[in-house]
Amino acid sequence: MTDLIENIPEILLMGPGPSCVPEEVYEALRAPTLGHLDPLFIEIMDETKERLRLVMKTDNDLTFPVSATGSAGMEACLVNLIEPGDRVLVLVNGVFGGRMAEIARRLGAEVDTLDVPWGKPVDPAEVERVVSKREYKVVSVVHAETSTGVRNPVEEIGPILKLRGALYVVDTVTSLGGIDVRCDEWGVDALYSGTQKCLSCPPGLSPVSFSQRALETIDRRKSKVPNWYLDMSLIKSYWEGKKRAYHHTAPINMIYALYRALGLVQAEGLENVFARHRKSHEHLAAGLREIGIEMFVEPAFRLPMLNAVRVPDGVDEAAVRSRLRESHRIEIGAGLGPLAGKIWRIGLMGHTSKEENVDRLLGAMRKVLGR
Ligand SMILES: *Cc1c(COP(=O)(O)O)cnc(C)c1O
């Protein structure tokens, strides 16, 4: 009997996530599984929460990883805050903004979208204009739009919403651990992220954080949260307080991995981590320019961890990706939706974000493109 797992090659993950996982994190995954209410595991849970507060820059009590990938964090934030008939505004300039709008609609909200062309950032003045015409209970936006490589000005939108009293939901799946995220300072009420992008864990958890105002909104709900698994009022009893109660069996080893990965970020220092992301991004942009490949997004709103680049005219983009994978063991991402066939998405997330990796990709691209 062949075992497929035994023969998995080491692929340099330079797509939109997952990113490369450091050895220390793999080691944490293979530590002995503890019981989900074991006192030592509870200590690890508490320290994981503390480490998340540091990278998110928040004092929020309810800060912990939801037991599923980033999309579950998105769903958790929206399903707890939204009730049928609520007015919700979603700022959409890519796939993940669209996904938030879809979830809000399924919850029976009255959803408006502010649609911005893919590749352009949301304009805070436009947000101001829309929220001054209509009252919204929830406004949501993606910080780092992985489908386009655009950074949205989350820090400028927060103060506008504060004046209107809307709850602010922010997707930091790709931004957390790669660029600055300031949950409290920016007035974010519900924030979610993922493990497999700049935190360099395997996929499987979605760190979330809820403000006091968000928790009060949940307490005042007229209807029960329609999703049992993601109901914060129930999960709280497992992640908070002196006496912990079973809600669901936590993915114990994944939490070890996140704990370890957050420890690595802290040991390097957040500012150093951000600087490393910036540096390898600049190195990539310069190298690509030399072989005639241009960036897709204007400089001020480019994400260092997700580089959307234009496919040169006459190049079969899928063939290039498959040669990179087969001959060079490098994965890069394709464009999605309206950008399919037009861009590649080159991820420099977390542990992947190193000059030596950029050089390896540039060398391979030169060979594959014959430049
Ligand atoms: C990857 C991603 C998600 C979804 O996360 P999954 O782990 O794939 O469920 C959501 N938002 C953004 C911005 C992402 O990049």
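**Setting up.** I'm working with a predicted model, where local features need pLDDT of at least 70, side-chain atom pairs count only at pLDDT 80 or more, and totals for chains, interfaces and linings use all residues. Residues are numbered from 1 along each chain as its sequence is written, and side-chain values use heavy atoms, with hydrogens and water left out.

**Ligand.** I got T69, G70, S71, F96, V142, A144, T146, D171, V173, T174, Q196 and K197. By class, I have 4 nonpolar, 6 polar and 2 charged residues in this shell. (Ala, Val, Leu, Ile, Met, Phe, Trp, Tyr, Cys and Pro count as nonpolar, Asp, Glu, Lys and Arg as charged, the others, Gly among them, as polar.)

Next I checked polar contacts, meaning pairs of N or O atoms within 3.5 Å. S71 has a polar side-chain atom 2.6 Å from a ligand oxygen, and D171 has one 2.6 Å from a ligand nitrogen. From G70, a backbone N or O atom lies 3.0 Å from an oxygen of the ligand. On its own the ligand has 380 Å² of accessible area (Shrake-Rupley method, 1.4 Å probe), and the protein covers 89% of that.

**Largest pocket.** I noted a volume of about 520 Å³ for the largest pocket. (A pocket is an open set of points on a 1 Å grid over the protein atoms alone, where a 1.4 Å probe fits, with protein on both sides within 12 Å along at least five of seven lines; lining residues have an atom within 4 Å of a point.) Of its 20 lining residues, E10, I11, L13, V21 and Y26 are the closest to the centre. I sorted the lining into 13 nonpolar, 3 polar and 4 charged residues.

**Backbone.** I found a cis peptide bond from G17 to P18, with omega near 5 degrees. K57, which isn't glycine, has a positive phi, near 55 degrees.

Note on methods: Near = heavy atom within 4 Å. Polar contact = N/O pair within 3.5 Å; in protein donor to acceptor, adjacent residues only side chain to side chain. Points joined across faces, edges and corners; volume = space filled by probe spheres on them.
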